[in-house]
Amino acid sequence: MELLGQQVLAGIATGAIYACMALAVVMIYQAIDHLNFAQGEMAMFSTFIAYQLMLWGFPYGIAFLLTIVISFAGGVFIDRVIFKPIHDAPILSHVVVFIALLAILNSAAGFIWDFTVKSFPSPFGSSPLFGSSLISAHQAGMVCVTLLLLLFLFFFFRYTRIGLSMRAAAANPASARLVGVRVGWMNALGWGMAAAIGAIAGILIAPVVFLEPNMMISILLYGFAGAVLGGLTSPAGAVIGGFTVGVVENLAGTFIPVVGGELKLPIALMLIVAVLVFKPSGLMGRTVVQRV
Amino acid sequence: MSTLLEVKGLVAGYGGIPALHGVDFSLQEGGVTTLLGANGAGKTTTLRALCGMIRARGEASFAGKRLIGMQTEDIVRLGIAHVPEGRGTFTRLTVEENLQLGAMTRRNGPDIKQDFERVYDHFPRLRQRRMQQAGTLSGGEQQMLAIGRALMLRPRLMLLDEPSFGLAPLVVREMFDILGGLNRNEKVSMLLVEQNASLALSLADTAYLLETGRIVTSGPAAQIREDEGVRRSYLGY
Amino acid sequence: MAETTLAPTAGEAVATAEMPRSLRRGGRIALISGIVFLVVAISIPLFFRNFVVFQFTQMLVYAIAILGLNLLTGINGQFSLGHSAFYALGAYTAAILMDQYSVNYIWTLPAAGVVCFIAGFLFGLPALRLEGIYLALATFALAIATPQILKLSPLEHWTGGVQGIVIVKPDPPSWLPLNQDQWLYYFTLAVALILYILARNLVKSRTGRALMAIRDNPIAARSMGINLSLYKSLAFGTSALYTGIAGALGAIIVQFVAPDSFTLVLSIAFLVGLVVGGVGWLPGAIFGGAFVLFVPNIAEGVSKGLSGAVYGVILILLIYLMPTGAAGFVRAVLSRFKA
């Protein structure tokens with residue numbers, strides 16, 4: 001029983017990473033109504049920018065803020081410039097452009113900063129939290145930041161005019177235009193915000209998994225899984241989903257014999273898929289009523 | 001009465017296939033004009049062209065401003081509210097959020113609050129269901145919601161695309177009574193597209209008949225209503 | 001997904017419309033291009049050296065795999081990121097049969113087909129409840145799991161573990177004056193042509209129309225009496241069959257199977273090939289196969305360090321030029337002729 005408790009806590013700690021990523025994923029899903037497969041690479045690239053800024057002498061706090069601003073601008077750029085020409089193309093064409101973006105960012109990062117693993121500082125320090133060996137101060141800090149972000153997003157979407165406009169623009173762009181919402185700019189804003197959140201996620205994750213161009217790939221998968229599990233319409237669900245994925249992954253690794261390190265991810269994903277078969281809109285997603 | 005909307009030689013279509021071949025009509029301030037015609041006549045296309053939702057050529061001016069070439073979002077800011085075909089409800093948002101969105105281009109908080117109350121007074125059932133997901137409302141309620149959303153703009157002109165579609169006769173009657181009241185009491189001008197000709201003619205003062213992208217006949221609604229020849233050949237009753 | 005209420009600008013679908021009229025009307029053009037293709041295809045081994053012939057054979061193999069994916073995604077509207085799994089299953093089936101049971105390579109193809117059909121059908125059953133992104137995630141999991149499953153120690157006796165299995169390259173029939181690479185090329189070409197014709201007939205048949213109906217409007221399809229579960233699972237099975245046969249062919253010509261050849265990257269390559277060729281347009285598979293095989297090499301030729309970035313840029317430019325893939329391009333050219 002104690003082992004279970006420990007593993008759950010450890011799972012929550014790793015889950016914080018996935019939760020953060022899942023939040024960025026849901027964020028962009030709310031804005032553009034499909035998944036951004038390049039999200040992980042964008043976050044990775046942002047983290048490298050932060051790294052570079054610190055190499056150039058900027059203190060952590062300034063580098064953090066600058067990176068967020070740059071990432072926001074980058075997100076807007078990607079939406080307004082790269083995705084504009086294929087605006088009317090079918091979804092799958094969009095997916096392929098995401099894939100291309102992924103390849104470009106990964107390759108560029110490797111070229112500029114090479115593929116060796118680098119360490120990345122944490123604002124929380126890496127000492128264990130209150131002496132517990134399961135969760136470090138940094139991991140606790142991650143959980144806190146993720147929850148704060150979540151709170152911010154919750155208020156933003158629920159209680160601000162812009163948040164409502166963004167939701168409308170994503171859900172039904174044609175109707176949104178008919179009420180005067182500038183759909184194009186709402187999409188761009190969504191992209192910018194997602195890029196910024198991704199940057200925060202990357203900066204928080206890097207101290208744990210170390211900085212290198214391929215660091216985000218498996219994390220993005222877990223992030224997707226968490227987002228989908230939580231229901232793509234719900235930021236809170238994404239966070240809960242992310243934590244759940246962390247816990248499930250840890251428990252599966254500990255308690256299912258066949259599962260070594262290699263099968264953890266697929267088993268976790270399969271379990272999530274199993275959940276979805278029974279509850280297709282995710283744990284907290286709102287079932288969209290479709291009247292024929 | 002001044003002319004609020006003037007359309008001349010409107011040509012529009014979908015992907016290179018023209019649906020309108022030069023349509024002329026006008027609407028007086030404070031009046032209700034109806035566009036009638038069968039399926040595929042081009043009624044919805046006309047409304048979409050006026051709102052910048054599809055590309056169009058020709059002349060369309062609203063209170064002196066040229067509509068052709070303007071973005072939808074800017075046309076809305078001129079005071080034109082479009083209740084689209086199929087209602088266009090934000091199904092995943094609540095009733096209240098839908099109405100809020102209607103007022104998105106307005107700044108005056110107290111005025112908006114007042115309008116919320118007025119819409120709920122017109123449509124009490126919406127007040128009952130304010131926090132419900134709009135997609136769970138019945139067809140009639142969603143239509144009310146769509147009209148309510150348009151009203152939140154405090155529009156000078158309302159474009160209505162087949163508001164009676166798919167609704168039970170009693171519901172439709174109720175809705176048209178409300179529309180009549182809105183026009184008379186709150187001076188909202190309306191351009192009404194309808195397949196249900198008799199209903200439309202009971203509300204409108206002017207009628208235009210569209211057939212395969214052209215106006216074939218027009219005149220005061222009362223006149224069209226009386227004209228048996230027109231009714232038989234074009235309106236089916 | 002986003003809702004729209006405007007009829008002509010219809011809601012987003014996985015594939016573009018079914019085979020466009022201009023492509024069907026271009027019946028004579030299709031016949032002529034088919035003949036030209038055949039002539040070119042048959043003469044390839046005569047003009048190129050062995051390694052290039054081998055590359056073209058690989059291209060054909062990818063084309064078959066993409067054809068399979070097109071049947072599922074383009075025709076039936078089910079999105080799959082997991083086809084590397086079926087490819088791997090076909091490849092390993094062929095490898096194990098040849099290596100451990102000395103089965104003649106020709107028989108491994110139908111064997112791989114049957115195994116993969118069953119696997120695809122079985123996967124399709126629970127996947128029935130999943131749509132769009134959720135199906136993507138499930139197939140995604142499948143793709144990720146595949147290399148790991150192949151490396152599992154209990155299965156090592158069959159799969160050869162991390163090192164995989166080496167296969168002996170088959171010889172051409174003695175009465176043909178061809179070398180191994182040339183023979184394998186013609187063999188693959190023949191299989192590809194047969195599979196393409198079968199696919200085309202399937203799409204044109206009532207079954208094909210039912211599949212497309214399910215793609216475009218599942219609710220309406222069901223109300224017309226089309227058994228959604230059966231057809232969707234059959235679609236999965238058939239798609240897997242095609243990709244599995246491709247996998248078997250791939251194993252034979254490369255003479256080697258190993259877990260890390262069948263990762264998510266392969267699934268993504270199939271998807272890219274599908275879109276580049278044109279979703280829902282069967283002949284596009286050959287363009288997709290060509291892109292997937294040759295463009296990464298070209299990218300590496302341009303810049304070794306930035307090969308991924310060059311690949312990405314080429315891909316984006318291609319999508320800008322042809323948002324609906326080669327299908328759209330061909331359609332545009334044909335309509336230029338008609339006009």
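## Strands, helices and an interface

Student: Which residue of strand 10 of chain B is the bridge partner of A207(B)?

Tutor: In strand 10 of chain B, A207(B) finds its bridge partner in G219(B). A word on the setting: this is a predicted model, where local features need pLDDT of at least 70 and side-chain atom pairs count only at pLDDT 80 or more, while totals for chains, interfaces and linings use all residues. Residues are numbered from 1 along each chain as its sequence is written, and chains are lettered from A and ligands numbered from 1 in the order in which they are written. With strands (E, at least two residues) and helices (H or I, at least four) taken as DSSP runs numbered from the N terminus, the partner is G219(B).

Student: In what sense do strand 9 and strand 10 of chain B run?

Tutor: Strands pair if DSSP finds at least two bridges between them. Strand 9 (residues 206-211) of chain B is joined to strand 10 by six bridges, and the two run antiparallel.

Student: Which strands of chain B are the edge strands of the open sheet?

Tutor: The open sheet has six strands in the order 6-7-8-3-9-10, with mixed pairing.

Student: Which residue takes a positive phi in the hairpin of strand 1 and strand 2 of chain B?

Tutor: Strand 1 (residues 3-14) and strand 2 (residues 17-28) of chain B pair over nine bridges in the antiparallel sense. Two residues lie between the strands, and the one with phi near 55° is G15(B).

Student: What radius of gyration does chain B have?

Tutor: The radius is taken over C-alpha atoms, with a globule rule of 2.2 Å times the number of residues to the power 0.38. For 237 residues, a compact globule would come out near 18 Å, and chain B agrees with that at 17 Å.

Student: Which helix gives the largest share of the side of chain A that touches chain C?

Tutor: Here 41 residues of chain A are in contact (C-beta atoms, placed from the backbone, within 7 Å) with 41 residues of chain C. Helices 4, 6, 7, 9 and 11 of chain A each supply at least two residues of this side. The largest share, 14 residues, comes from helix 4 of chain A.

Student: At what angle do the axes of helix 9 and helix 11 of chain C cross?

Tutor: Axes are lines fitted to C-alpha atoms, for helices over the stretch in contact, and angles run from 0 to 180 degrees between N-to-C directions. The axes of helix 9 (residues 206-216) and helix 11 (residues 228-254) of chain C come within 10 Å, crossing at roughly 105°. So helix 9 of chain C is roughly perpendicular (65 to 115 degrees) to helix 11 of chain C. The angle you asked for is roughly 105°.

Student: What value does phi of F210(A) take?

Tutor: Most residues other than glycine have a negative phi. F210(A) sits in the loop between helix 8 (183-209) and helix 9 of chain A. F210(A) is partly exposed, with 13 other C-beta atoms within 10 Å, where 20 or more would count as buried and 12 or fewer as exposed, with C-beta atoms placed from the backbone. Its phi is positive, near 70°.

Definitions and conventions. Contact = placed C-beta atoms within 7 Å. Parallel < 35°, antiparallel > 145°, perpendicular 65-115°, else oblique.
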